[in-house]
Amino acid sequence: MANDLFNSFMSGPDEQGRFGIFGGRFVSETLMPLILSLEEEYEKAKTDPSFWAEMDDLWANYVGRPSPLYFAERLTEHLGGAKVYMKRDELNHTGAHKINNVLGQIILARRMGKTRIIAETGAGQHGVATATVCAKFGLKCVVYMGAHDVRRQAPNVFRMRLLGAEVIPVTSGRGTLKDAMNDALRDWVTNVRDTFYCIGTVAGPHPYPAMVRDFQSIIGKEAKEQMMKAEGRLPDTIIAAIGGGSNAMGLFYPFLDDKSVNIIGVEAGGKGVNEKMEHCASLTGGRPGVLHGNRTYLLQDDDGQILEGYSISAGLDYPGIGPEHSWLHEVGRAKYVSITDKEALEAFQLCCATEGIIPALEPSHALAHVMKIAPELPKDHIIIMNMCGRGDKDIFTVAKFLGFDMSDTEGRDADD
Amino acid sequence: MTRIDAKFAELNAQGKKAFVSYVMAGDPDFDTSLELVKGLPGAGVDVIELGLPFTDPMADGPTIQLAGQRALDGGMTLQRTLDLATEFRKTDGITPIVMMGYYNPIYSRGVGRFLADAKAAGIDGLIVVDLPPEEDAELCLPAQAAGLNFIRLATPTTDDKRLPRVLQNTSGFVYYVSITGITGSAEAQATDVGPEVARIKAATDLPVIVGFGINTPEKSRAIASVADGAVVGSAIVAQIGAGKPVAEVLAFVKTLSDGAHSA
């Protein structure tokens, strides 16, 4: 870490697509030429003002950016310590941060002349965002979604179908996000010539982790400017939930070289990190391995077989994490913690009650960590947590855990 | 010279095409799988590809995915796969074995330790699907240094500009993937494959073997006639998946190898 203080934390990845030892391009030969041409195309777009002009226009007029930076006054009062701000990316069109990235990738796909878009989705937020942008541009869209997630995220499945996407339930493995990603890769390798794979997180082969981070960095850029305006200084702590880690990378990246800012990523602790892998905390409970095109921390057994994660939140239910997070973890620039289902559910309810905001289960994990640390911090300590998605999609899951019968129109508790 | 090099030199001297078969180690269980592998040379198999089971086989279709799951459910591991090769080598010192799979189990064991163990178990070559030339430093170069062949996949998307890079650190043979797709999906067409094989052969002295989408004796013959040999995987694995006895599977393999050898 000492040496790194003289260098930027924002210069990665290197030419091999590595952040330290993490990242890379671990894909079959069939995909390699495509990944190289995607990298070339992205490098061109990055410095092309017309590309960013198109992005800025859509971000402003289609997505509704900038999203507000909101001072959560009652929550702050309730916790009795640090000042809590929320970056309101749940107010974006489609209800989450996912669309920031999808727009970038779809514009790239159009520049590359691709006519068919595929995506994987866990909670369905990335699938909905992809289906939305495809509808807007008249592109064919196929979304792979684990069969288990199709059941627990039925509203999003219906949304995707309304938007004209074909949703393919994936039954291999345990039917969650990891398996959806495998089948999306199998589709891609088969339809390599006309198809663009729109990855929803900061994972996969280079250049995806860097490209998705760059598109999501709008979150952190805005938050920084908004905080300077609101408080005239940088925040002390920034916090975001992590499945693959795209909303977190988006918030963190513009702050990486601001050494005074504490950076905390919150993984899904499921039923608890020490209980037989019933969690998705790759950094807390995993070790480095190679999956889905990159080297990163993974949940795996002694033989290098990948384990299925578990979380109440379908969007965090992934046994890996973006490679840049693995690197930030190893160099110590960011700290990673985990939050259990139970803690996230408590945060979910507190947020509803104190702020009138129904958060998604994913940012509820980040909020739960805010609840842990804010009371111990001084009142002039400023926290930004990323409210990366809204909870409409999760009300059925939460109702079930709280024993509330949604089919009962009287609204009584299930065991009344 | 590895057993692979020796085998191709022998086939070349006889003017014969190679027949390569793929089976998943430990499918449906260790003992049945060992019995099957031991029977392969007698069924006309020139090179054995031994699948290393992995939870997330991203380049494989349902047939081989399920085979991997059966093997893992039966307690198969990388160590047991090496054990299987060791057992096979007690009765056959000539037939080359190529281990085929994905990188993570190997990386998890540690590359140095894996290469030493693989060599000791009598493995001759490696095909690791998710290690393109861009990642040669990971395993390809250390494997060559340890005396194992590293067999590279070339595909229909490997254009002329990229081909030299793909061939550069390849040894043993070149595995041409006949289709863009996963194992056991579309059917390979000899008319498409012929010119592609010729293109690769113009750039290398290594034998070019064609796999993916070959599932009948006729196809085996047609593809082998335009290449140095043919690989069959899913069609054989499907028979194991259907619960066919080993003798019956081997009889099917014999028809496939006869196809390639008559080319």
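The model is predicted: local features need pLDDT of at least 70 and side-chain atom pairs count only at pLDDT 80 or more, while totals for chains, interfaces and linings use all residues. Residues are numbered from 1 along each chain as its sequence is written, chains are lettered from A and ligands numbered from 1 in the order in which they are written, and side-chain values use heavy atoms, with hydrogens and water left out.

Helix α2 covers residues 49-63 and helix α5 residues 125-137 of chain A; their axes come within 14 Å and cross at roughly 110°. Axes are lines fitted to C-alpha atoms, for helices over the stretch in contact, and angles run from 0 to 180 degrees between N-to-C directions. The two helices α2(A) and α5(A) are therefore roughly perpendicular to each other, a term for angles of 65 to 115 degrees. Helices (H or I, at least four residues) and strands (E, at least two) are DSSP runs, numbered from the N terminus.

Next come some features of the backbone. Arg65(A) and Pro66(A) are joined by a cis peptide bond with omega about 0°, and Pro66(A) is in the loop between α2 and β3 (69-71) of chain A. Another cis bond runs from His206(A) to Pro207(A), with omega near 15°; Pro207(A) lies in the loop between β8 (195-197) and α9 (208-216) of chain A.

His292(A), a residue other than glycine, has a positive phi, near 55°. His292(A) is in the loop between β11 (287-291) and β12 (293-298) of chain A, and counts as buried (under 20% relative accessible area, 1.4 Å probe, protein chains only) because its relative accessibility is 1%. In chain B, phi of Phe212(B) is near 80°, again positive in a residue other than glycine. Phe212(B) is buried, with a relative accessible area of 10%.

Finally, chain A is divided into domain 1 (17-61 + 98-207) and domain 2 (66-95 + 217-400). Their centres, taken over C-alpha atoms, are separated by 22 Å. In the contact between them, 40 residues of domain 1 of chain A touch 44 residues of domain 2 of chain A.

Notes
Angles under 35 degrees count as roughly parallel, over 145 as roughly antiparallel, 65 to 115 as roughly perpendicular and the rest as oblique. Buried means under 20% relative accessible area, exposed over 50%, partly exposed in between (1.4 Å probe, protein chains only). Domain bounds come from an automatic or database domain assignment. Contact means heavy atoms within 4.5 Å.
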